[in-house]
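Open the model in your viewer and keep the selection tool at hand.

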Amino acid sequence: MSYEFSIGENVDRTIGAQIRQRRIMMGLTQDQLAETLGISYQQVQKYETGSNRVSASRLFEIANLLETDIGWFFPLNDGQNGAEAIDNASPRHVIELVRRFSSIENQKVRAGIMALVRSIAENDDNLEELGHSRTGVDAA
């Protein structure tokens with residue numbers, strides 16, 4: 001099992017990028033994460049850019065706040081990490097999706113939406129086999 005980064009700054013930048021990506025997935029701003037951690041938003045910025053190294057204890061705290069395993073911040077070459085969850089999705093779309101989903105109060109509706117999303121995600125490749133592109137437009 002090998003890591004897609006070497007040592008030093010690359011590790012710090014990779015972990016920072018993963019923190020940013022997970023924060024966005026959770027629909028949090030830098031200010032909100034900073035406040036919860038009891039630090040300044042500038043410190044969160046420095047973590048996310050890799051200009052400041054995140055200590056193991058701080059990374060553990062961040063992982064708990066962002067509701068993920070600490071290993072999520074260390075992507076592997078074989079693609080086995082949580083970052084694949086948003087693939088190439090625009091961070092703004094992810095934030096909007098999370099915010100709108102969070103505003104749905106009816107738990108049955110939320111469960112239905114989750115079931116629908118899981119079904120679509122699991123069968124996404126099958127859509128192309130049926131002659132439909134991922135955008136929903138028939139393939140020529």
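Start with the largest nonpolar core of this predicted model, a set of 19 residues. Select I19, I62 and F73: within this core, they touch the most other members. Now colour the helices. Those that give two or more residues to the core are α1, α2 (30–37), α3 and α4. Helix α1 gives the most, with five residues.

Stay in the core and centre on I62. Which residues is I62 in contact with, leaving aside its neighbours within four places in sequence? Select I19, L37, Y47, V54 and F73 to see them. Two of these partners, I19 and F73, are already on your screen as core residues that touch the most other members.

**Next: the charged pairs**

Side chains of opposite charge can pair when their charged atoms come close. How many salt bridges does the structure hold? There are three to visit.

**Stop one: D12 and R53**

Select D12 and R53 and show their side chains. They meet in a salt bridge, at 3.1 Å from N to O. What does this pair tie together? D12 lies in helix α1 (residues 9–25), while R53 sits in the loop between α3 (41–49) and α4 (56–65), so the bridge joins parts that are 41 residues apart in sequence. Is D12 buried or exposed? D12 counts as buried, at 12% relative accessibility. R53 is exposed, with a relative accessible area of 59%.

**Stop two: R23 and E48**

Move on to R23 and E48. Their side chains form a salt bridge as well, with 2.6 Å from N to O. This pair also links distant parts of the chain: R23 belongs to helix α1 and E48 to helix α3, 25 residues apart. Check the surface again. Both R23 and E48 are buried.

**Stop three: E61 and R58**

Finish with E61 and R58. The salt bridge between their side chains spans 3.0 Å, N to O. Where do the two residues lie? Both are in helix α4, three residues apart, which is about one turn of the helix. E61 counts as partly exposed, at 30% relative accessibility. R58 has a relative accessible area of 19%; the cut-off for buried is under 20%, so R58 counts as buried.

Methods. Residues numbered from 1 in each chain as written. Predicted model: local features only at pLDDT ≥ 70, side-chain atom pairs only at ≥ 80, totals over all residues. Heavy atoms only, no water. Salt bridge = Lys/Arg side-chain N within 4 Å of Asp/Glu carboxyl O. Helix = DSSP H or I, 4+ residues; strand = E, 2+ residues; numbered from the N terminus. Buried < 20%, exposed > 50% of the residue type's maximum accessible area, 1.4 Å probe, protein only. Core = buried A, V, L, I, M, F, W, Y, C linked by side-chain atoms within 4.5 Å. Contact = heavy atoms within 4.5 Å.
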